[in-house]
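Reader: I am new to this structure and would like a close look at a single part of it. Please take one chain slowly, and then show how it connects to its surroundings.

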Amino acid sequence: MLLKRAVPHAVLLAYVAVVLFPFVFVVFSSLKGSNVEIAESPFGIPKTWHVENYAEAWVKAKIGVYFFNSVYLSFTSALASALLAAATAFAIVRMRFPRAGKWIYQTVLIGMFIPGNVLFIAQYLLVMKLGVLNTHWALFLPYTAGALPLGVLLLAAFMKSLPRELEEAAIMDGLSSAGLFAKIVLPLTLPALVTVFIVNFLGAWNEYLLANFFISKDALRTLPTGMVGFRDAFQTNYALICTGIVFSVAPVLALYAFLQEKIIEGLTVGSVKG
Amino acid sequence: MKHPMRNPWIYTLFIAPTLLLYGLFFLWPMLSSSFYAFTDWNGLENYRFVGWSNFADAFGDPDFRRAIINNLIFIGFSVFVQIPLIVLFALLIASVKRLRGFYKTTVFVPSIVSTSVIGILWGFIYEPEIGPLNRLLALFGAGPIYWLAEPKWALPAVLITNAWQWMGFYIVLVLAAILAIPREIHEAAVVDGASGWQRALNITVPLILPIISVVVMLSIAGGMRVVDIVLVMTKGGPVGATEVMASYMVNEAMGVDPNYGFGTAIALIIFAFALVLTSIYQFTFGRRMQGGEF
Amino acid sequence: MAAGNPPKIFDLFGGAGDALKYAKAGRLLDVTPIIEELGIADKFLNLSQFTLDGKVYGLPIGGSTEGFFYSIPLFEQYNIKVPTTWEELEAAAETLKQNGITPFAMGSKGAWVPLMMVNTLIGRYAGPEAIDGFPAGTHAWNSPEVTAAFAKYEEWVNKGYFTKGELGLEYADMLNQFVTGKAGMMFDGSWRSSVFKDPEQAGELTGKVGFFPMPPVPGGKGDQTFVNGNYSNGYGFSADLNERELAAVKAFIKNMYSEEMQLRGLLEDGVLPSMKLSDDAIGKVEDPLVKQIMETMRQTGGAFSHFDSTVSSDVYKESEAQIQKLIAGQATAAQVTEALQKVQQEANAKS
């Protein structure tokens with residue numbers, strides 16, 4: 001009986017081990033002193049903890065620069081798209097222009113169906129024409145735009161469920177629609193807003209394709225591109241590369257540790273609805 | 001007096017930026033792609049209209065045909081290998097009482113990490129001389145496999161890495177659906193004497209067919225979208241063994257001698273494939289699995 | 001460049017795929033009057049990569065040659081003398097192989113790396129004129145001589161003379177193979193010489209590296225003492241300049257293309273000069289490796305370019321795809337050269 005109970009756990013624990021081993025490997029390797037040590041005992045605890053690898057990587061890989069760029073770009077585009085999506089969702093769902101609303105909703109929905117890389121080249125040419133290639137705008141604009149369909153979708157669904165009485169009471173009190181939005185609806189939508197923000201933040205943080213080709217100035221690069229460049233430059237110093245990986249992944253994991261429910265919910269619900 | 005909720009100024013203000021950004025970065029690129037695909041623009045000189053020749057060239061190039069097949073392999077692998085495993089693991093997690101939260105949280109982790117970082121990470125794991133995978137093989141006496149350097153191993157290696165990254169995501173998705181099945185149904189079956197497996201096969205799986213259908217569609221879309229992992233791990237090599245349509249497109253359009261006309265043609269081909277495959281699925285199995293309604 | 005707003009002065013790579021393409025599109029400044037005015041027009045060793053219709057559109061800042069670097073310790077250990085004939089080269093490779101050392105380090109993930117050796121092999125088997133002959137239509141890729149060059153490369157691949165798993169290794173890995181003693185020789189460009197002075201990059205092999213050019217090939221056509229000489233890395237200037245900017249460009253050229261700067265590049269980075277230097281200046285070189293390289297250049301009958309600066313990008317891209325196929329065993333030398341000639345003919349017909 002116990003054995004029967006144990007079997008699913010055994011299988012699942014084995015799977016979890018497969019899922020986690022690369023992370024364990026990377027952390028251990030990042031603290032090792034040489035490639036030889038990594039080769040001999042991949043999962044062994046490092047003999048001495050070479051914490052200086054982290055300092056070295058920070059400097060050599062200019063992780064500080066890439067990290068800052070990623071944070072600032074992800075944060076601003078996630079915030080911008082969340083707010084814009086909220087405003088649009090509010091307008092479509094609550095304001096009384098039903099036909100226009102429906103039409104806008106459908107248009108925005110189409111965006112969910114276009115695979116990411118189909119627009120890549122055309123967006124590149126567009127960014128070139130706008131003259132913002134190789135600036136942060138080149139990423140900020142597509143990231144914000146790209147996050148809008150999902151944001152509008154999720155926020156519209158949420159806002160639909162807000163009771164009409166609130167609106168009516170606020171209007172009786174003399175609030176304009178903008179005031180209603182800012183003072184009442186927005187605060188109420190906060191949970192959904194946070195979810196949308198996090199999902200967009202993660203999307204921008206992890207994005208590689210556009211970040212790689214739209215920005216070539218090193219000082220403006222984001223983490224994904226920076227890491228690949230680091231890997232290409234320091235091919236043979238594996239400990240250093242692992243340190244770089246830890247730097248890139250740690251913030252995401254930290255975010256996940258605190259907000260896992262929100263993150264899981266946001267990412268999965270979005271996919272289903274879309 | 002106009003009702004505040006009918007205020008056209010606010011309405012416009014609230015939707016204009018969104019529509020502007022969206023139009024600029026979604027609709028306009030769709031349109032311009034459709035235009036450039038019929039030219040041979042390389043960014044420098046004036047372009048000429050070349051009709052369908054970009055498309056003809058693409059399909060005529062054996063490397064591109066291989067890329068198409070590789071995309072299909074990705075999709076096939078996702079649907080026929082990953083999905084059964086996903087359902088299995090989801091069922092297992094749903095069947096245990098303890099540690100459920102732990103399992104759910106841990107398997108989901110790889111899907112939130114950047115694909116490019118995962119590419120670097122696994123590139124390291126596959127490293128022929130120092131990587132842990134070959135060290136493991138050495139324990140069993142198997143020779144070092146040059147995972148990413150040999151044409152016959154490179155694609156399986158990338159497929160495995162891709163699976164590792166995304167399976168957790170789908171497992172959690174399916175798990176949510178399984179847990180949403182009303183308990184009474186299972187309890188009734190238990191009363192009727194159904195075993196765990198019988199319940200799983202005859203009750204749970206049929207009831208979660210809609211979500212599995214979603215997973216299939218997402219897998220198709222994902223299989224067409226694959227590009228980051230390939231670019232970072234192998235750049236499409238060796239000798240095109242891991243080239244997918246999107247990486248082919250990127251290499252052609254952004255290489256030393258860019259051909260934007262050709263590149264956008266490929267982008268449209270990718271889009272068309274995605275549409276066609278999804279439609280085929282929808283009209284054959286999709287309808288049945290979803291009960292005819294989406 | 002393609003973005004439409006290039007800086008006024010920029011790095012420019014010579015040849016049909018880059019400089020000459022932009023020159024044709026009218027984006028580059030014609031510097032012929034400037035260099036004539038400054039009196040340096042005939043001091044350049046080779047301007048062909050930047051010259052279109054008799055006008056010069058860019059100036060090479062340095063030159064390079066491609067040949068064999070070898071590990072002095074390994075050669076001593078196995079009693080190998082520096083090859084001056086083809087038989088000696090192949091014997092050296094065989095000796096290394098027998099002793100478990102990879103003869104030639106290689107990382108072919110980036111196809112341009114193996115193409116360096118291929119280029120010089122073509123120069124040996126088919127003669128120096130072949131390199132310029134492909135786009136001119138006077139030489140064919142699928143001629144017996146060029147095919148023989150690829151066949152020799154194929155032979156070495158089959159004999160296991162190159163690093164195992166090379167298709168997964170980058171250019172930096174090739175260096176790593178060489179400096180960690182896993183390989184005894186490495187065919188690379190002279191620009192690598194500065195690496196071997198630096199213990200951080202060269203490790204145990206610092207200061208213990210020598211250089212020799214590819215020996216004459218038995219039955220090879222043309223002058224077998226020619227070596228590869230690339231004068232393709234340089235600067236270009238925007239055609240769109242106002243008075244002030246033009247003056248700045250002139251000053252730039254005057255300062256950059258002086259004996260002093262050329263010598264500095266040579267002494268500090270091992271970059272071969274693109275201009276003629278006085279013997280006095282040459283005498284200042286102390287690094288033995290650089291001296292060896294310069295001695296090689298001095299003893300040759302002449303130089304041939306790398307085909308990556310003579311053929312159009314279609315052909316070059318095809319050569320990248322084909323060499324990897326050859327290495328992976330998916331194509332024979334004959335198939336490779338047939339494919340290349342096909343693309344070359346199409347390219348020639350277009351221009």
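Author: Of the 274 residues in chain A, 47% are buried, a residue being called buried if 20 or more other C-beta atoms, placed from the backbone, lie within 10 Å of its own. This is a predicted model, in which local features need pLDDT of at least 70 and side-chain atom pairs count only at pLDDT 80 or more, while totals for chains, interfaces and linings use all residues. Residues are numbered from 1 along each chain as its sequence is written, and chains are lettered from A and ligands numbered from 1 in the order in which they are written.

Chain A holds twelve helices and zero strands, where helices (H or I, at least four residues) and strands (E, at least two) are DSSP runs numbered from the N terminus. Its C-alpha trace spans about 75 × 65 × 35 Å along the principal axes. Among contacts in chain A between residues at least 6 apart in sequence, 76% join residues at least 24 apart; two residues are in contact if their C-beta atoms, placed from the backbone, lie within 7 Å.

Chain A also touches chain B, in a contact that takes 73 residues from chain A and 71 residues from chain B. On the side of chain A, the largest share, 13 residues, comes from helix α12 (residues 238–273) of chain A. That side of chain A divides into 54 nonpolar, 16 polar and three charged residues, with Ala, Val, Leu, Ile, Met, Phe, Trp, Tyr, Cys and Pro counted as nonpolar, Asp, Glu, Lys and Arg as charged, and the others, Gly among them, as polar.

In the model, residues 9–31 of chain B are 100% helix and 0% strand, and their end C-alpha atoms are 29 Å apart. Residues 203–224 of chain B are likewise 100% helix and 0% strand, with end C-alpha atoms that lie 32 Å apart.

To return to chain A, its pattern read along the sequence is α-α-α-α-α-α-α-α-α-α-α-α, and helix α12 of chain A is the element that gives the largest share of the side touching chain B.

How values were computed
A residue is buried if 20 or more other C-beta atoms lie within 10 Å of its own, exposed if 12 or fewer, and partly exposed in between; C-beta atoms are placed from the backbone.
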